[in-house]
Amino acid sequence: MVRILVVDDSIIMRNIVKNTFAEMKISFQCLEAADGKQAFRLLENNSVTIVFLDWNMPGMDGIEFLKMVRTMPQYKDLPIIMVTSERGKFSVIEALQSGATDYIVKPVNAKVFKEKVQEILVLAR
């Protein structure tokens, strides 16, 4: 079973990610966090297959979370997909240089989302 962690301060966006993932007919369990601090606590206490991470959140934002997680050896290969409204070229570069596995711009295109997830799950096996 795939265990996903969806980190976004918008419950609507968390639901969109969960529903799109469910459409893929993959057996999954979902953990949810509204900011990076909460996400880090969930990550420390649970085995996670893939993380979907927003950039702009109160408390600890997505880039701070990403940078912190990537300093820890046990998470160096954890797939983390940024799912954000930050669409500028420099934002994409910053996220990828900070350790994001991939980058999806909101509003989420379900076809693109599914393709990227499939690619990552194949590599994660």
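This is a predicted model: local features need pLDDT of at least 70, side-chain atom pairs count only at pLDDT 80 or more; totals for chains, interfaces and linings use all residues.
Biologist: Why is K116 called buried?

Modeller: Buried means under 20% relative accessible area. K116 is at 19%, so K116 counts as buried. K116 is found in helix α5.

Biologist: What does K116 touch?

Modeller: K116 touches D102, Y103 and I104, leaving aside residues up to four places away in sequence. Contact here means heavy atoms within 4.5 Å.

Biologist: How far is K116 from M68?

Modeller: In sequence, K116 and M68 are 48 residues apart. In space they are 23 Å apart, C-alpha to C-alpha.

Biologist: What makes A110 partly exposed?

Modeller: The relative accessible area of A110 is 31%. Exposed needs over 50% and buried needs under 20%, with partly exposed in between. The value of 31% falls in between, so A110 is partly exposed. A110 lies in helix α5, residues 110-124.

Biologist: And how far is A110 from E86?

Modeller: They are 24 residues apart in sequence and 18 Å apart in space, C-alpha to C-alpha.

Biologist: Why is K25 called exposed?

Modeller: K25 has a relative accessible area of 74%. The cut-off for exposed is over 50%, so K25 is exposed. K25 lies in the loop between α1 and β2.

Biologist: Which peptide bond is cis?

Modeller: The one from K106 to P107, with omega near -5°. Most peptide bonds are trans. P107 sits in the loop between β5 (102-105) and α5.

Biologist: How do you know what length to expect for α1?

Modeller: The expected span is 1.5 Å times one less than the number of residues. Helix α1, residues 11-23, has 13 residues, and 18 Å is expected. From its first C-alpha to its last, α1 reaches 18 Å, close to that expectation.

Biologist: Which residues of α1 are buried?

Modeller: M13, R14, V17, K18, T20 and F21.

Biologist: What puts those residues on the same side of α1?

Modeller: They cover an arc of only 165° around the axis, so they lie on the same side of α1. On the other side, I11 and I12 are exposed.

Biologist: What makes β1 mostly covered?

Modeller: Five of the six residues of β1 are buried.

Biologist: Why are β1 and β2 called paired?

Modeller: Pairing needs at least two bridges. β1 and β2 have six bridges, in the parallel sense, so they pair. One of the bridge partners in β2 is Q29, across from R3. The chain crosses from β1 through α1 to β2, and this β-α-β crossover is right-handed.

Biologist: How do you know that β1 also pairs with β3?

Modeller: Four bridges join β1 to β3, and the cut-off is at least two, so they pair. The two strands run parallel. In β3, L53 is the bridge partner of V7.

Biologist: Which way do the residues of β3 point?

Modeller: I50 and F52 point one way, V51 and L53 the other way, and all are buried.

Biologist: What makes β3 and β4 a pair?

Modeller: Three bridges in the parallel sense, against a cut-off of at least two. F52 stands opposite I81 in β4. Here the chain crosses from β3 through α3 to β4, and that β-α-β crossover is right-handed.

Biologist: What makes a set of residues a nonpolar core?

Modeller: The residues must be buried, of the nonpolar kinds, and joined through side-chain atoms within 4.5 Å. The largest core has 24 residues. Those with the most contacts inside it are L5, V7, L43, V51, L53, F65 and M82. Among the elements giving two or more residues to this core are β1, β2, α2 and β4. The largest share, four residues, comes from α3.

Biologist: What does M82 touch?

Modeller: Its contacts include L53, W55, I63, L66, A95 and Y103, not counting residues up to four places away in sequence.

Biologist: How many residues are in the second core?

Modeller: This separate core has 16 residues, including V2, M24, I50 and L121. In soluble globular proteins, nonpolar side chains tend to be buried together.

Note on methods. Residues are numbered from 1 along each chain as its sequence is written. Side-chain values use heavy atoms; hydrogens and water are left out. Buried means under 20% relative accessible area, exposed over 50%, partly exposed in between (1.4 Å probe, protein chains only). The arc is that of the directions from the helix axis to the C-beta atoms. A crossover is right-handed if, with the strands pointing away from the viewer, the path from the first strand over the helix to the second runs clockwise.
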